[in-house]
Amino acid sequence: MNNSKFLTMTASPHVKGPIKTKNIMLDVIIALMLPLIWSVYVFGFRALTITAVSVVSCVLFEYIYRKLMKKSNTISDLSAIVTGILLAFCLPVTVPLWIPIVGAFFAIVIVKQLYGGLGKNVVNPALAARVFLFVAYPSQVSSYNSIDSAKLSPIAMNVDVTAGSTPLAKLKEGQLPESGVTDALIGNIPGCIGEISAALVILGGIFLIARKVISWHIPVTYIATVAIISFIFPAGNISNLDYMLHQLFSGGLMLAAFFMATDYVTSPVTKKGRIIYGIGCGLITVFIRFFGGYPEGVSFAVLIMNLFVWYLDKNTKPKVFGGAKK
């Protein structure tokens with residue numbers, strides 16, 4: 001009797017639990033809502049439009065690709081929605097509406113699906129798309145509007161902007177930003193859609209830690225590394241404390257530490273590996289901010305460390321007691 005049709009063979013592990021990908025992604029979406037609401041308050045409804053275009057594009061590209069490849073559809077796991085939100089959060093509110101569409105295609109099709117889909121991508125899709133857009137369309141994704149941007153059209157493909165210098169750009173020149181640390185913490189500074197309010201991003205990260213979606217190892221070691229080096233080596237005549245606080249609360253450090261670097265697929269699984277990974281992200285971020293031609297370094301830092309995850313897991317895995325030595 002042929003029992004093959006009664007038996008389903010699947011890859012290990014075979015232990016089932018209550019935590020599913022959809023539940024994890026839903027928690028991440030909830031954690032990202034407060035920064036999104038604040039960005040709409042600061043930048044106007046164009047921030048919501050860009051986020052919606054990014055999310056819809058990511059979901060559609062994933063659905064179309066898997067449909068064409070005759071694979072089971074995975075849009076119900078909500079991972080494409082998370083990628084869409086994070087991609088939008090890495091963009092300034094001034095970008096043309098076609099920019100998040102191009103970024104969504106690169107993130108979903110090139111970075112995620114061509115490698116086999118969720119769980120098989122080598123680097124973080126949203127950050128990879130952000131770097132691609134920066135290289136391909138630098139003028140569009142590097143133009144930051146001033147805070148008074150409510151007049152920006154929510155649906156226009158292109159908008160006229162009033163240029164505003166970001167705090168990191170000022171720090172790069174060895175100057176103290178006009179906006180204070182409190183402005184950076186609350187979110188009253190020019191910057192990308194999801195990066196301006198460090199406090200709300202931190203609050204979302206604490207929510208994820210409390211829900212045990214992520215662990216503290218990566219965010220704490222990442223942020224601590226940047227804090228220590230920035231405090232010891234301030235630029236210009238800026239005081240150690242002011243320089244460190246502006247480095248921490250300006251730019252995308254908090255967003256990357258809590259939401260990008262902790263991505264399950266592209267971060268280590270061992271505790272020791274996560275600590276080394278977080279320190280590495282911090283070192284590269286500071287190096288690029290101090291010596292690179294670009295005032296921000298978190299995207300490149302996380303992507304570079306993504307490439308070392310396999311080696312970190314391999315060399316930090318716990319020893320098996322009682323096993324034969326090789």
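Predicted model: local features only at pLDDT ≥ 70, side-chain atom pairs only at ≥ 80, totals over all residues.
Buried means under 20% relative accessible area, exposed over 50%, and partly exposed in between, with a 1.4 Å probe and protein chains only.

Residues are numbered from 1 along each chain as its sequence is written, and side-chain values use heavy atoms, leaving out hydrogens and water.

**Exercise 1.** Work out whether asparagine 306 is buried or exposed, and what it touches.

Step 1: relative accessibility is 3%, so asparagine 306 counts as buried.

Step 2: skip residues up to four places away in sequence, and asparagine 306 touches Val122, Val123, Asn124, Thr266 and Tyr277. Contact here means heavy atoms within 4.5 Å.

Step 3: check the polar side; a polar atom of the asparagine 306 side chain sits 2.9 Å from the backbone oxygen of threonine 266.

**Exercise 2.** Describe how H5 and H14 are arranged, and which residues meet.

Step 1: the axes (lines fitted to C-alpha atoms over the stretch in contact, with angles from 0 to 180 degrees between N-to-C directions) of H5, residues 125–136, and H14 come within 9 Å and cross at roughly 125°.

Step 2: list the partners: Leu127, Ala128, Arg130, Val131 and Phe134 in H5 meet Ser299, Phe300, Val302 and Leu303 in H14.

Definitions and conventions:
Polar contact = N/O pair within 3.5 Å; in protein donor to acceptor, adjacent residues only side chain to side chain. Helix = DSSP H or I, 4+ residues; strand = E, 2+ residues; numbered from the N terminus.
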